[in-house]
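Q: Can you walk me through this one? I'd like to start with the helices and then jump around a bit.

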Amino acid sequence: MIGHRAYAAAGSAGYHRHVPALSQTRAYGALLLIATLWGTFPATGKLAIADFPPVFLTALRGVIASSFLVALLARSGAETVRGLGPDSIRAFVVLGVCGLVLSTQLSYIGYAYTTAANAAILQAATPVLVALGARAYLGERLRRRQQAGVAISALGVLVVVTDGRLWMLRLDDLRVGDFVTLVGLVAWTTYTVYGKRVILTHSPALTTTAAYVAGTCVLVAEAALTAPLFPRPALTSVRAWAVVVYHALFGAIAHIWWYRAVERVGASRAAVFLNVTPIVGIAMASTLLAEPIGLWEVLGTLFVLGGVALTTATPSRVS
């Protein structure tokens with residue numbers, strides 16, 4: 001399925017007769033809004049996991065988002081789902097596992113074991129990870145300046161994770177949540193880079209909906225099996241329900257627009273806009289959770305963003 005241009009003419013082209021392609025300006029505007037939205041997730045997510053265990057929260061978010069996306073897809077017409085085949089199901093399962101079961105779930109688990117500010121700062125490394133993934137899977141080239149950017153961003157991540165104690169670090173100084181967050185970012189990179197090829201043959205709306213449904217099926221089964229291992233969720237918590245609905249509905253819309261923007265401007269260039277995410281995230285962590293923002297968090301952020309600037313300075317050859 002993936003990479004076969006004949007399906008692209010039948011499926012994706014049919015979709016675009018009903019949904020006009022984003023202009024570059026609109027794609028950039030959408031990416032800016034998406035990055036701002038995602039910047040609010042660490043602080044608000046940390047509020048929710050105080051009442052809902054991470055696995056339960058992710059499964060609940062998946063159920064709400066999947067129901068919403070299926071309802072939207074049902075109204076979009078038959079052209080949107082054209083081109084489905086056995087390989088499509090496999091692709092959607094891969095995206096569901098990477099984008100929801102791993103990336104989203106690990107994000108919530110990470111929030112429980114690190115600060116919201118750290119989670120937001122580490123998300124700034126996403127453009128570098130996407131550039132590396134695009135190089136390996138899509139053939140997008142990394143030049144010397146970009147390779148230097150990768151190294152500088154990696155240094156920034158180390159500064160944040162170790163609180164600047166690179167040479168006198170003890171294992172008990174490390175935050176487990178930082179590493180969980182980084183693994184989740186690797187999963188998100190796979191979701192973005194692999195999805196770039198999937199949307200050659202299927203619409204972003206279908207791709208996102210099918211990935212959510214596949215991921216949610218896994219999450220619901222996982223939540224049921226692991227329920228005895230976690231505290232019971234506080235189902236009367238209005239705060240937690242508000243966060244879940246906010247993350248589910250706006251997160252689902254953001255995923256659709258993310259793929260539409262990636263389709264228009266390319267994976268590496270789209271990821272540049274995620275530089276906004278840590279800025280919003282740090283501000284939210286400070287104002288909403290009163291988390292202290294220290295020198296090493298600021299310095300690490302500057303290293304990460306500086307590395308991202310170098311990594312993304314040269315336009316990708318694959319769009």
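Predicted model: local features only at pLDDT ≥ 70, side-chain atom pairs only at ≥ 80, totals over all residues.

Q: How do helix 4 and helix 5 pack?

A: Helix 4 covers residues 54–74 and helix 5 covers residues 86–113. They pack at an angle of about 130 degrees, with their axes 9 Å apart. That makes helix 4 oblique to helix 5.

Q: Why give an angle and a distance?

A: Two packed helices are described by the angle between their axes and the distance between the axes.

Q: Is that crossing left-handed or right-handed?

A: The crossing of helix 4 and helix 5 is right-handed.

Q: And what about helix 4 with helix 11? What angle do they make?

A: About 50 degrees, with the axes of helix 4 and helix 11 9 Å apart. Helix 4 and helix 11 are therefore oblique to each other. Helix 4 passes helix 11 in a right-handed crossing.

Q: New topic. How many salt bridges are there?

A: The count comes to one salt bridge. The side chains of D51 and R239 meet in a salt bridge, at 3.2 Å from N to O.

Q: Where do D51 and R239 lie?

A: D51 is in the loop between helix 3 (41–48) and helix 4, while R239 is in helix 11, so the pair ties together parts that are 188 residues apart in sequence. R239 counts as partly exposed, at 41% relative accessibility.

Q: Now the surface. Which residues make the nonpolar patch?

A: L235, W241 and V245 make a nonpolar surface patch of about 250 Å². Of these, W241 lies in helix 11, which runs over residues 238–265.

Q: How exposed is W241?

A: W241 is partly exposed, with a relative accessible area of 32%.

Q: What about A35, buried or exposed?

A: A35 is buried, with a relative accessible area of 0%. A35 sits in helix 2, residues 24–39.

Q: Last one: what is phi of A290?

A: Phi of A290 is near 55 degrees, a positive value in a residue other than glycine. Most residues other than glycine have a negative phi.

Q: Where is A290?

A: A290 is in the loop between helix 13 (276–288) and helix 14 (295–311). A290 is exposed, with a relative accessible area of 60%.

Definitions and conventions. Residues numbered from 1 in each chain as written. Heavy atoms only, no water. Patch = residues over 30% accessible without salt bridge, like charges linked within 9 Å, V, L, I, M, F, W, Y side chains within 5 Å. Areas by Shrake-Rupley, 256 points an atom, 1.4 Å probe, with all protein chains shown as cover. Salt bridge = Lys/Arg side-chain N within 4 Å of Asp/Glu carboxyl O. Helix = DSSP H or I, 4+ residues; strand = E, 2+ residues; numbered from the N terminus. Buried < 20%, exposed > 50% of the residue type's maximum accessible area, 1.4 Å probe, protein only. Axes fitted to C-alpha atoms, helices over the stretch in contact; angles between N-to-C directions. Parallel < 35°, antiparallel > 145°, perpendicular 65-115°, else oblique. Left-handed = near helix turned anticlockwise from the far one by under 90°.
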